[in-house]
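Hi,

Please find the structure below. My notes on it follow.

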Amino acid sequence: MPQLDVSTFLPQIFWLVVTFAALYLIMWKVAVPGVANVLEARQKRIGDNLDKATQAKQEAEGTLEAYEASMAEARNQAQALHAQADKQLSDETNVREAEVAEELGRSFTESEAEIQRAVDGAMDHVRAIAIEVAGEALQRLSGQAADEKTLTRAVDRVIKANG
């Protein structure tokens with residue numbers, strides 16, 4: 001094996017040092033800066049993404065606050081509209097109830113007047129019939145015709161006394 005030959009140790013060590021130095025210089029000047037640049041670019045992208053995420057989170061929180069504020073305002077407006085509609089319906093109901101009560105009162109008054117006219121008309125018929133019956137009864141009992149005015153006064157007194 002040539003590696004174990006002692007006479008070739010010195011040239012092997014020399015080439016080992018030259019190769020190691022060349023690899024070290026290549027790594028130092030080419031590979032390590034490239035890896036460092038890639039790592040820096042990656043770190044910068046991560047930092048930018050974190051900044052963008054933080055900014056997006058702040059915007060989302062602002063949007064959420066604005067949404068909640070608009071929802072609260074919408075609820076308040078809806079409650080105000082509901083209260084207004086409820087008051088309007090209540091007022092309209094009260095007005096309509098008053099109109100219906102007034103109409104029923106008029107109708108009741110008219111009905112009472114109509115009933116009173118009917119009662120008065122019936123009483124007039126009863127009075128006329130009572131006068132006629134009294135006249136016939138007096139004629140049958142006494143055999144003579146009674147005076148119309150006298151019968152009318154007698155029937156009116158009886159009606160007033162009983163009525």
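**Notes on the model**

Thr152 sits in helix H2. Here helices are DSSP runs of H or I with at least four residues, strands are runs of E with at least two, and both are numbered from the N terminus. Thr152 counts as buried, at 18% relative accessibility. Buried means under 20% relative accessible area, exposed means over 50%, and partly exposed is in between (1.4 Å probe, protein chains only). Thr152 touches Arg127 and Ile131, leaving out residues up to four places away in sequence. Contact here means heavy atoms within 4.5 Å.

Some ground rules before the rest. This is a predicted model: local features need pLDDT of at least 70, side-chain atom pairs count only at pLDDT 80 or more, and totals for chains, interfaces and linings use all residues. Residues are numbered from 1 along each chain as its sequence is written, and side-chain values use heavy atoms, with hydrogens and water left out.

**Whole chain**

The chain has two helices and zero strands. Its radius of gyration is 62 Å, well over the 15 Å that the globule rule gives for 163 residues, so the chain is more spread out than a compact globule. The radius is taken over C-alpha atoms, and the rule is 2.2 Å times the number of residues to the power 0.38. The C-alpha trace spans about 190 × 35 × 20 Å along its principal axes. Of the 163 residues in the chain, 3% are buried.

**Where H1 meets H2**

Two packed helices are described by the angle between their axes and the distance between the axes. H1 covers residues 9–142 and H2 covers residues 148–162. Their axes come within 9 Å and cross at roughly 125 degrees. That makes H1 oblique to H2. Axes are lines fitted to C-alpha atoms, for helices over the stretch in contact, and angles run from 0 to 180 degrees between N-to-C directions. Under 35 degrees counts as roughly parallel, over 145 as roughly antiparallel, 65 to 115 as roughly perpendicular, and the rest as oblique.

The crossing of H1 and H2 is right-handed.

Which residues make the contact? From H1 they are Met123, Arg127, Ala130, Ile131, Ala134 and Gly135. From H2 they are Glu148, Leu151, Thr152, Val155, Asp156 and Ile159. By class, the contact has seven nonpolar, two polar and three charged residues. Nonpolar covers Ala, Val, Leu, Ile, Met, Phe, Trp, Tyr, Cys and Pro; charged covers Asp, Glu, Lys and Arg; the others, Gly among them, are polar.

**Single residues and C-alpha separations**

- Asp5 is in the segment before H1. Asp5 is partly exposed, at 36% relative accessibility. Asp5 and Asp156 are 151 residues apart in sequence and 170 Å apart in space.
- Thr19 is in helix H1. Thr19 is partly exposed, at 42% relative accessibility. Thr19 and Glu92 are 73 residues apart along the chain, and their C-alpha atoms are separated by 104 Å.
- Ile46 is in helix H1. Ile46 is partly exposed, with a relative accessible area of 34%. Ile46 and Ser70 are 24 residues apart in sequence and 35 Å apart in space.
- Leu50 is in helix H1. Leu50 is exposed, with a relative accessible area of 52%. Leu50 and Gln88 are 38 residues apart along the chain, with their C-alpha atoms separated by 56 Å.

Best regards

Methods
A crossing is left-handed if the near helix is turned anticlockwise from the far one by less than a right angle, and right-handed if clockwise.
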